[in-house]
Amino acid sequence: MTVWRPMYGWCPRDSYSKHYHKEEIENMQKADHEKYFHGVVGLEHAKKALLNSVIHPIIRPDLFPLGWSRGILLFGPPGTGKTLLASAVANGMNCGFNEIDAASINSKWIGEPEQNVAAIFRKARDMITKKSKPEIIFIDEVDALFAQDIGRYNVSMKNQFLKEMDGLQDKGKNIPLYLIGTTNKPWNIDPGFIRRFQKRIHVPLPNHKEIKSILELYLSKLSIDGNLKLHSLALSLEGYSGSDIRDLCREVHLNTVDKLFQISSNPTGDPDPITFKDFEEILTSRKPSVSPDYLQHCSAWAEKHAAS
C-alpha cells in the first residue's frame, strides 16, 4: 500500500516510523502550531480544526480510510485572521496556493464561468501530479460566488462548483486537493454549498488572552513605557478584532511620531515611549469595526451550522 508523503509523493506505507517516544510525541504536538501557523496569534480552536482536517491527512493519509474533508469554510467577523490561517497552512505544508475570486470566474459569455471553474480544478490536479505536493484552492469572500441570489445566468457555474466539491473525479484516489473559502456572511451562502463545506470553522473575535498576545506581537516592534500594563490595556480592547488592534497600535505609534515632528521639522532622536494615555487618546476616536448586532447574528449561525 502506498501513502502520500509531503515533498515525496506516493511512497510505501512502511516508510513511516511507527514508534515514537512519549516525549517525542509531546514535542511534536507542541511544535505543530508554531510550525504550521507561524505568525498567527491565538485562534487555537481553528488551528486544531485545520490540523485535523488538512495537515494530518496530508502527512498520514493512510490513517484516514474514510477520507477527509476537502471543503473547508472559515467564517466569522472581518479582521480575525481567516485568510492568514489559510495561507499559513499552505506555507507550513509547502502546498500550492491558488487564490481566486468572483472576477476571475464570472464572464458575460454563456458557458464560460463553468469552464473557468473546471479549468481551475483541472490545473490544480495537474500541479499535484507534476510537483507531487498538495494544492489549495482559496476563495476569499466566498459568499460572492455562492450567494443564494447570484442570478440564473450563473446556475451552471454553481453546479460546476458543486460537482467539483463533491469530488466526482477524485473518488477512491485520495488526491490532496482542498477548497478553502472564507466569509464574513455565511448566512448568504446557498444552502447547497453549506453541506459541501464539510468543515465549517468559526473564527471569532480574540478573547482577553489573545488580545494580550496580539498586543505583545505588534508592540514588540515599538518602544513602550515600562509602566504600560498589557493586561489592563487588553481589557479596554474587548470587542476589537485583530485587524483593529493592529491599526490601533499603528495609529498610536504615528501619534508619537507626529508629536516629535511638532517639536522640529527635522527632528533628531526617537519618539517618546508609548504609554497607556497614548492609547486612551486614540481610543476616543477609534471604535471596534464589528457591531454587537453582527456578532449576535454570526454566533447564532455558528450555533446552528458550525462543524469543526
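1. Ground rules. The model is predicted: local features need pLDDT of at least 70, side-chain atom pairs count only at pLDDT 80 or more, and totals for chains, interfaces and linings use all residues. Residues are numbered from 1 along each chain as its sequence is written, and side-chain values use heavy atoms, with hydrogens and water left out.

2. Leu43. This residue is not a glycine, yet its phi is positive, about 55°. Leu43 sits in the loop between helix 1 (22-36) and helix 2 (44-59). Helices (H or I, at least four residues) and strands (E, at least two) are DSSP runs, numbered from the N terminus. Leu43 counts as buried because its relative accessibility is 9%. Buried means under 20% relative accessible area, exposed over 50%, and partly exposed in between (1.4 Å probe, protein chains only).

3. Asn94. Here too phi is positive, about 55°, in a residue that is not a glycine. Asn94 lies in the loop between helix 3 (82-92) and strand 4 (96-100). At 32% relative accessibility, Asn94 is partly exposed.

4. Helix 5 and helix 7. The axes of helix 5 (residues 112-131) and helix 7 (residues 155-165) come within 7 Å and cross at roughly 25°. Axes are lines fitted to C-alpha atoms, for helices over the stretch in contact, and angles run from 0 to 180 degrees between N-to-C directions. So helix 5 is roughly parallel to helix 7; angles under 35 degrees count as roughly parallel, over 145 as roughly antiparallel, 65 to 115 as roughly perpendicular and the rest as oblique.
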